[in-house]
Amino acid sequence: MAVIALKCPSIEVVVVDISKSRIAAWNSDKLPIYEPGLDDVVKKCRGKNLFFSTEVEKHVYEADIVFVSVNTPTKTRGLGAGKAADLTYWENAARMIADVSKSDKIVVEKSTVPVKTAEAIEKIMTHNAKSIKFQILSNPEFLAEGTAIQDLFNPDRVLIGGRETPEGEKAIQTLKSVYSQWIPEGKILTTNLWSAELSKLAANAFLAQRISSVNALSALCEGTGANVNQVSYAVGTDTRIGPKFLNASVGFGGSCFQKDILNLVYICECNGLPEVAEYWKQVIKINDYQKSRFVNRVVASMFNTVANKKIAILGFAFKKDTGDTRETPAIDVCKGLLGDKARVSIFDPQVTEDQIQRDLWMNKFDWDHPIHLQPTSTPSNEKNVSVVWDAYEATKDADGVCILTEWDEFKKLDYQKIYDNMRKPAFVFDGRNVVDCDKLREIGFIVYSIGKPLDPWLKDMPAVA
Ligand code: UDX
C-alpha cells in the first residue's frame, strides 16, 4: 500500500488495523517490520496520501476500493485440519464491509486464499448488502520478503482476476489503472477469478518444488561425492530451467510455501484427485526430511549425542534481510537439538529474544493468528536456550556452530577467532552454503556443508533421517 501511495500521488491510501499498537508503530519512527527500503517509501508519503488508522469502519465506508489482507491461518481443528485455510477473519471482514458500506465498492482479495474464496465472499457480501453492488477481484501478491520494495517497483507481473461480466471487466480496468501508473501494460495480466487465485498457489508450489528438488539432490551429492553447487549451476544453465532458486539449503521456510502447498493438497483431495495431492505433498515431505537430516548430521558427527553440549545457532530468520521467523527451518532444527538435550545459543541480527522464545514453544500454525489470540504458556526448554546479540558471544565455548540463515555478515566473521574460543574438536554445520569450507578446514574446523563432498570425519559417522 505504501508503494501504491508513492507511485499514485492522486490516490489516498489508508491502512487500517484493529491493533492499536501496530498502527501506532506504523505512525512512529520505528516501523513494526524490517524491510530494506520500506522506511524511505513510508517517510515520503506518510501524512500526505498515506495514512495508518484504527478507525476501520470509517475508512472502509469512505473507500472506493478495499484491499483485504487479513490472516488466513491453517485450520488446526475440524474439517481439513492441518491443511485447509481458516477463513474466519476473511468472513468477518467481508461482513463488516457489507455492514458499513453505503456506496458501490471494489473489494480486492490480497491475502493468498484457496481457490473459490472470492465466490464465497461474493455470496456473503451480496446477501448482506441491501442494494449496494460489490465487485470482487483477486489480485495476488508475488513479492518476496527482503526484496519487497524492489519487487513492487519492478514486478515480473501483476495479476488481476475478476468476473467475466461487463461490471467485472470495469472493476478490473479500474484496478489496472492504479498499477499502470508505474507498471508497463504488458506486465499486467487479467484472468478470471479462479485462475488468479490458483496461479498464486501454483507459483509458490513450483518455487518450493525447485528447492525440494535441489535439496533431494543434495542428499545424493553427499552420498556420492558430487558437489551440489556444481550440479545446480550445470542444471541451471539450461535456459529452459534457469539459474534462480536452485540453492540447496537446510530447508525452505516463510509464511507462504508450506501453507500454500497444504492448501493446494487439500483442494486436490476435495476435487477427488488423491494422486495429484500426493505429488505436491512430497515437496513438503522432502523439506521436513532435509531439516531432520541436518539435525541428524549434527548429532551423529558429535559422537551421537549433543546432550549438554553448547551449539551456537547463527541466523534464525527464514532468510536473510528479514526479521521474519514464520516457518523458519531454524525452529525445527533448534527443537531437534533441544530434544537431544543440547544447549543452544542463538544469534540473529534482526530477530528479538522474545520472538525466538515464542517460536520455540508455539504450536504449529499458531503464528498465523493475531498475537492476542495466540496461546500463552512458558517455554519448557527455556533454560537450554539463550539468545545473544553477537556471533562471537554465541560461539564462545561452543562445541559446534550451525549456520541457519545466509546473512552476509556470516561470510565475513573472523573464523580463526571463533575457532580459538571454541571447545575442540570444533564443528561448523553450514545449512546455507555460505562459508569457505577449505579455509575453515585449514583453521582446524570439522565442516559439514549441505550437498558438498563430506569431510572424512563425517564419512565415518553416517547419519540417516
Ligand atoms: C515467497 C515467494 O517467492 C513469493 O513470490 C510469494 O509472494 C511469497 O512467498 P518469501 O516467502 O518471502 O516469498 O521468500 P523466498 O525468497 O521465496 O524464500 C522462501 C524460502 O526458500 C526461504 O527460506 C529461502 O531461504 C528458501 N530458498 C530460496 C532456498 O532454500 N533456496 C533457494 O534457492 C531459494
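Does Asn287 count as buried or exposed, and at what relative accessibility? In this predicted model, where local features need pLDDT of at least 70, side-chain atom pairs count only at pLDDT 80 or more, and totals for chains, interfaces and linings use all residues, residues are numbered from 1 along each chain as its sequence is written. Side-chain values use heavy atoms, with hydrogens and water left out.

Asn287 has its place in helix H12, and because its relative accessibility is 1%, Asn287 counts as buried (under 20% relative accessible area, with exposed over 50% and partly exposed in between, for a 1.4 Å probe and protein chains only). Apart from neighbours within four places in sequence, Asn287 is in contact (heavy atoms within 4.5 Å) with Ser212, Gly251 and Phe252.

Helix H12 also holds Ala277, which is likewise buried, at a relative accessible area of 1%. Leaving aside neighbours within four places in sequence, Ala277 is in contact with Val265, Cys268 and Glu269, while Lys110, 167 residues away in sequence, lies 25 Å from Ala277, C-alpha to C-alpha.

The helix itself, H12 (residues 274-301), packs with helix H13 (residues 329-339) at an angle of about 40 degrees, their axes being 9 Å apart. H12 is therefore oblique to H13, since angles under 35 degrees count as roughly parallel, over 145 as roughly antiparallel, 65 to 115 as roughly perpendicular and the rest as oblique. On the H12 side, Lys291, Phe294, Val295 and Val298 meet Pro329, Asp332, Val333, Gly336 and Leu337 in H13. By class, this contact of H12 with H13 has six nonpolar, one polar and two charged residues.

Key
Axes are lines fitted to C-alpha atoms, for helices over the stretch in contact, and angles run from 0 to 180 degrees between N-to-C directions. Helices (H or I, at least four residues) and strands (E, at least two) are DSSP runs, numbered from the N terminus. Ala, Val, Leu, Ile, Met, Phe, Trp, Tyr, Cys and Pro count as nonpolar, Asp, Glu, Lys and Arg as charged, and the others, Gly among them, as polar.
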